[in-house]
Amino acid sequence: MAGDDTAPLARAERFIWLTARVLEQRRFAFHFLGGDADPVDTALGSYLNGDGGYGHALDPDLRGPHSQPLHTVHALRVLDGLGRCSGRRIEQLCRHLSGVSTAEGALPVVLPAPRDYPSAPYHPVQDDPPGELQVTGPVVGLLHRNRIWHAWLFRATDFCWDRIETLRRSHPYEIQGAVAFLDGTPDRPRAAAAADRLGRLVREQGLVVLDPGRRAEFPVGPGYAPGEHLFPHDYARRPASLARGWFTDEETARSLDFLASEQQEDGGWPVRRRAWAPGSTLERRPIATLEALLTLRAHGRPLGSA
């Protein structure tokens, strides 16, 4: 480590080396230290199962070895960040998704498999779970973004369009899933129209905290932890996101100021969802820290040097 040890990036680097899994260490090195993509790829490969899906608590909320849609979302985000969301493993992953989808071609948040393994109480295990936009949207959006075409995508894409265009009530994480789909789908005019309606819904239903200084006045979603709010930067992680148009420059700047101020004394960013297991919380904080750094950098905020 070198450079200004009081800079946000240097403080975050120390936090990453002290607390993160190998995968997050490798991702940090790739995104901020000029590291190579291969070590990230290798670390991610340790979570890959023989069925083409990902397991082994890649998403810290689901423990155990089984492949799960939440793990697929996480894996695709990592691969997209590397520019490696393609090839035979994606074909195998799509075959896996075909086998675990619901009758309408969508992905549930949690498959019934982990009954023998711990999982977060806000992700209840059901015998016949419904398809959810929260996970189907990001998977489909990231595959489209990387120009992947597979038979599974046709019905899954139709599911996402139907859910988004008929949505009347929602919650923040479902909206994040919708944004991920809309930012990746190739039908840009349709996506822009859907995003415009969705942005109005988000503001009307209070699904975003527009003024972090008054966040206690905003309700949290059913089942969310106290203070588990989402802010403009949580929807528009990149300036090019369709969700950026939902917010004024002032609202976005205020949100990014708040995000920057959330870096804690140890250099990491907090996790706002309900704590349910020590290991899960410890593993999620480095992920939250990486997401915060990537969001701030994408919006042009200075991070200093590591």
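Is Cys-160 buried or exposed, and what is its relative accessible area? Cys-160 is buried, with a relative accessible area of 0%, where buried denotes under 20% relative accessible area, exposed over 50% and partly exposed the range in between (1.4 Å probe, protein chains only). The structure is a predicted model, in which local features require pLDDT of at least 70, side-chain atom pairs count only at pLDDT 80 or more, and totals for chains, interfaces and linings use all residues. Residues are numbered from 1 along each chain as its sequence is written, and side-chain values use heavy atoms, with hydrogens and water left out.

The cysteines were examined for disulfides (pairs of cysteine sulfur atoms within 2.5 Å). A search of the whole structure finds 0 disulfides. Cys-85 takes part in none, the nearest cysteine sulfur being that of Cys-94, 8.5 Å away. With 2% relative accessibility, Cys-85 is buried. For Cys-160, the closest cysteine sulfur, in Cys-94, lies at 13 Å, which is too far for a bond.

The largest nonpolar core has 62 residues; a nonpolar core is a set of buried Ala, Val, Leu, Ile, Met, Phe, Trp, Tyr and Cys residues joined through side-chain atoms within 4.5 Å. Leu-143, Trp-152, Ile-175, Leu-182, Tyr-235 and Trp-246 touch the most other members. At least two residues of this core come from each of α3, α4, α5 (88–100), α6, α7, α8 (172–184) and α9 (188–204), helices being DSSP runs (H or I, at least four residues) numbered from the N terminus. Beyond its neighbours within four places in sequence, Trp-152 is in contact with Cys-94, Leu-97, Ser-98, Ser-101, Gly-105, Leu-107, Val-139, Val-140 and Leu-143, contact meaning heavy atoms within 4.5 Å. Another core, of 17 residues, lies apart from the largest one and includes Ala-20, Leu-256, Leu-293 and Leu-294.

Rings of Phe, Tyr and Trp (its six-membered ring) pair if their centres lie within 6.5 Å, with planes under 30 degrees apart counted as stacked, over 60 as edge-to-face and the rest as tilted. The whole structure contains 7 aromatic pairs. In one of them, Trp-161 and Phe-181 have ring centres 5.0 Å apart and planes at 85°, so the pair is edge-to-face. Trp-161 belongs to helix α7 and Phe-181 to helix α8, so the pair ties together parts that are 20 residues apart in sequence. Both Trp-161 and Phe-181 are buried. The pair of Trp-246 and Phe-247 is likewise edge-to-face, because the centres are 6.1 Å apart and the planes stand at 70°.

Backbone angles complete the description. Most residues other than glycine have a negative phi. His-56, in the loop between α3 (37–45) and α4 (69–82), has a positive phi near 60° and is partly exposed, at 36% relative accessible area. Arg-147, in the loop between α6 (133–145) and α7 (151–166), has a positive phi near 55° and is exposed, at 70% relative accessibility.
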